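Here is a short briefing for a first look at the structure below.

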Amino acid sequence: SISGDETKVNELIIAVERMIGIDGLAMLAELIPSFRKMAHRVSTLECTKTGFLLVQTQMIFAFQAFVKAVSGLGIPMVLFLDDLQWVDTASLDLMQALIADSESTSILFIESYRQNEVSIDNCPFSTHLEDLKATAKFIEIQIANLQKKDVNEFISNIICEPQPSTKSLSDVLYRKTSGNVLLVIQLIKSLWDEGLLWFSYRRKHWEWNSSLIELKKVPDDAADLMAEKILHFSPDLQLLLKKMACLGSQCDTSILCLLRGGCKDHNREDNYSMSTMLCDLDIAIHEGIVKKAGSKYIFAHDQIQKAAYELIPKCEQSKWHLRVGMQMLRTCKDEDLDNILFVIVDQVNRGKMHITEVSQRIEFAELNFLAGEKAKASGVFSSAALYVEQGIGFLDENSWNDYYQLWLRLYTSCIELEFCNGNFEKLAEVLNCIITHA
């Protein structure tokens with residue numbers, strides 16, 4: 001890390017500025033807020049307005065220059081990217097450009113993904129893997145479940161007992177978990193909670209009841225085991241974790257403050273204070289459900305997030321997303337809206353089928369347009385097109401007449417984005433629609 005070395009930081013800023021200029025620095029600061037902490041003078045800059053296609057090219061060039069500048073200072077870089085089975089095409093384009101750059105010689109990419117969730121038919125990452133095999137030198141490492149001896153070593157290290165002593169316990173755990181490390185960890189915690197694993201102060205070592213552990217029913221899925229644990233929390237914490245799960249794997253404290261209201265049962269007075277919420281979250285941290293990093297609360301594993309989310313009945317999940325988005329929109333300050341615009345719009349869009357009032361549909365069509373413009377300004381045209389398409393979906397057949405300006409802005413933006421994405425058939429279709437209603 002060079003963040004604490006003022007000399008290195010200044011050298012890096014100068015090197016990047018020499019390659020891409022002040023506008024490039026401003027673009028990096030816009031895309032990576034933490035970059036502002038290094039480049040203090042960037043905070044007053046604004047990116048130069050350019051054509052839409054140039055934005056993406058400039059973004060890639062700025063990142064390439066940043067990597068080269070770091071390499072030029074003799075600082076090796078390791079870029080670890082996790083859960084790439086869910087990656088978007090814009091991020092893949094940037095990754096591919098960095099990997100293919102022959103002048104970047106001091107960077108190591110580590111790409112982590114779940115093979116069982118990568119489909120050749122519909123996953124952009126599978127195409128990326130095929131391109132890597134054809135163009136880049138890489139090492140593929142398959143990470144399987146733990147072997148029986150590994151589980152025994154793992155358990156031995158956890159409870160600080162010699163491996164011969166823990167073999168009876170680890171054999172049972174291995175049979176019940178097949179070596180799934182998350183399931184092993186959560187099962188150990190569950191045994192402790194249920195009194196099947198305990199520390200004997202008289203004998204000064206850990207003991208367990210192998211026969212009762214053998215009889216214990218263990219879910220096949222780690223998410224089911226985590227769901228059981230979450231259901232032991234207070235109703236308020238359960239509701240908060242469900243709302244967090246609607247948002248994804250992590251949530252900033254500022255957003256949790258917006259979601260705090262309404263965590264009480266609807267029939268009770270809403271008095272879920274900030275201090276009570278933080279105390280509840282401390283319990284979730286202690287139980288290994290979430291962890292805290294800076295101002296963010298993060299589910300300790302995506303299977304835990306899945307467990308919390310699946311506590312919401314499937315038929316109710318879209319309504320929950322809408323409720324979360326609406327609550328954030330109604331409680332956030334006007335000046336904070338831009339910072340959480342994508343989060344709000346994503347939630348509302350997942351529950352749009354439940355919005356029937358025309359005024360609300362027009363409001364969310366407008367918000368989708370703003371989200372599309374924001375994504376377009378960052379060069380993420382595929383995401384921008386999705387927002388605009390969702391915005392159009394909020395309109396009805398009479399909107400072109402009743403809300404013509406909004407209708408025209410959405411359709412015009414759609415044309416620009418389909419051009420940027422190279423989708424010319426869709427472009428022609430939208431253009432004909434505009435001409436028809438002109």
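Helices (H or I, at least four residues) and strands (E, at least two) are DSSP runs, numbered from the N terminus. Just after helix α11, Gly-248 takes a positive phi of about 125°. This is a predicted model, in which local features need pLDDT of at least 70, side-chain atom pairs count only at pLDDT 80 or more, and totals for chains, interfaces and linings use all residues. Residues are numbered from 1 along each chain as its sequence is written, and side-chain values use heavy atoms, with hydrogens and water left out.

**The chain as a whole**

- The chain holds 21 helices and 7 strands.
- Of its 438 residues, 44% are buried. Buried means under 20% relative accessible area, exposed means over 50%, and partly exposed lies in between (1.4 Å probe, protein chains only).
- The chain exposes about 24100 Å², and carbon and sulfur atoms supply 54% of that area. Accessible areas come from the Shrake-Rupley method with a 1.4 Å probe; for residues, only the protein chains shown count as cover.
- Take the contacts between residues at least 6 apart in sequence: 63% of them join residues at least 24 apart. A contact means heavy atoms within 4.5 Å.

**Helix α11**

- Helix α11 covers residues 235–247, and its 13 residues should span 18 Å at 1.5 Å a residue. The expected span is 1.5 Å times one less than the number of residues.
- α11 is mostly covered, with 11 of its 13 residues buried.
- The buried residues of α11 include Asp-236, Leu-237, Lys-242, Lys-243 and Cys-246.

**A nonpolar surface patch**

- Val-78, Phe-80, Leu-108 and Ile-110 make a nonpolar surface patch of about 380 Å².
- Patches are made of residues with over 30% relative accessible area and no salt bridge; like charges are joined within 9 Å, nonpolar side chains (Val, Leu, Ile, Met, Phe, Trp, Tyr) within 5 Å. A salt bridge is a side-chain nitrogen of Lys or Arg within 4 Å of a carboxyl oxygen of Asp or Glu.
- Strands β1 (77–81) and β2 (107–111) each supply at least two residues of this patch.
- Ile-110 sits in strand β2. It counts as partly exposed because its relative accessibility is 35%.

- Most residues other than glycine have a negative phi.
- Asp-83 has a positive phi, near 55°, and is not a glycine. Asp-83 lies in the loop between β1 and α4 (89–100). With a relative accessible area of 25%, Asp-83 is partly exposed.
- Ser-178 also is not a glycine, yet its phi is positive at about 55°. Ser-178 lies in the loop between α7 (163–177) and α8 (181–193). Its relative accessible area is 47%, so Ser-178 is partly exposed.

**Cysteines**

- A search of the whole structure finds 0 disulfides. A disulfide is a pair of cysteine sulfur atoms within 2.5 Å.
- Cys-251 is in no disulfide: the nearest cysteine sulfur belongs to Cys-257 and is 9.3 Å away.
- Cys-251 is buried, with a relative accessible area of 2%.
- Cys-315 counts as exposed, at 59% relative accessibility.

- Ile-213 is in helix α9 (residues 210–215). At 1% relative accessibility, Ile-213 counts as buried.
- Not counting residues up to four places away in sequence, Ile-213 touches Leu-169, Val-172, Lys-176, Leu-191, Leu-196 and Trp-208.
- Ile-213 and Leu-197 are 16 residues apart in sequence, and their C-alpha atoms are 9.0 Å apart in space.
- Ser-318 is in helix α15 (residues 317–331). Ser-318 counts as buried, at 19% relative accessibility.
- Not counting residues up to four places away in sequence, Ser-318 touches Arg-350, Gly-351, Met-353 and His-354.
- Val-380 is in the loop between α17 (358–377) and α18 (381–393). Leaving aside neighbours within four places in sequence, Val-380 is in contact with Ala-90 and Ala-375.
- Val-380 and Cys-420 are 40 residues apart in sequence, and their C-alpha atoms are 9.9 Å apart in space.
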